[in-house]
Amino acid sequence: MQKIYSALLTMITISICAITQISTRGVYLQNNYGVQIQCVGLSPSMIIKFPGAEPIHTMGNGHRVKINTGVLSIRTPGGTWYDLTPQVQSIVNPTEWEKHNPDNAIITVLPSFFTWNIRIDWEKESEKRSIKK
């Protein structure tokens, strides 16, 4: 039980640190995978331990959503969760974040057959395309 509380506290701490970085600028998840994907603001291990703790969002191909947490997982509907937290953490790393100031970060899920193909881009606020919900 102590390990669960420790893991939960760690995830909350990571999220709070990331949220303070994310709040002034945007970090977005873009689905260019070709089919629907689902995303949730939890790591795969936390999804298993705390099912239903966070709503699962389904994104159509071409959709973009703003990420409001430092923890993120994706999957195809009914598939296995894939942890994108390392990508989010690399973006909100203070050195990386300041290097791209004032741009928004875009985590793009690209088509692939065997593993997830993830690309990180930086986009100026003036170039930001409309967000589909």
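Mentor: Let us begin with a term: a contact means heavy atoms within 4.5 Å. This is a predicted model, in which local features need pLDDT of at least 70 and side-chain atom pairs count only at pLDDT 80 or more, while totals for chains, interfaces and linings use all residues. Residues are numbered from 1 along each chain as its sequence is written, and side-chain values use heavy atoms, with hydrogens and water left out.

Trainee: Among contacts between residues at least 6 apart in sequence, what share joins residues at least 24 apart?
Mentor: In the protein chain that share is 68%.

Trainee: And how many helices and strands are there?
Mentor: There are 4 helices and 8 strands, taken as DSSP runs (helices H or I, at least four residues; strands E, at least two) and numbered from the N terminus.

Trainee: Which strands form the open sheet, and in what order?
Mentor: The order is β4-β1-β7-β8, with mixed pairing, where two strands pair if DSSP finds at least two bridges between them. At the edges lie β4 (64-66) and β8 (117-123), each pairing on one side only.

Trainee: How do β1 and β7 run?
Mentor: Strand β1 (residues 27-31) and strand β7 (residues 104-110) run parallel and are joined by 5 bridges, and L29 stands opposite I107 in β7.

Trainee: Changing topic, what percentage of the residues is buried?
Mentor: Of the 133 residues in the protein chain, 40% are buried, meaning under 20% relative accessible area with a 1.4 Å probe, protein chains only.

Methods: Buried < 20%, exposed > 50% of the residue type's maximum accessible area, 1.4 Å probe, protein only.
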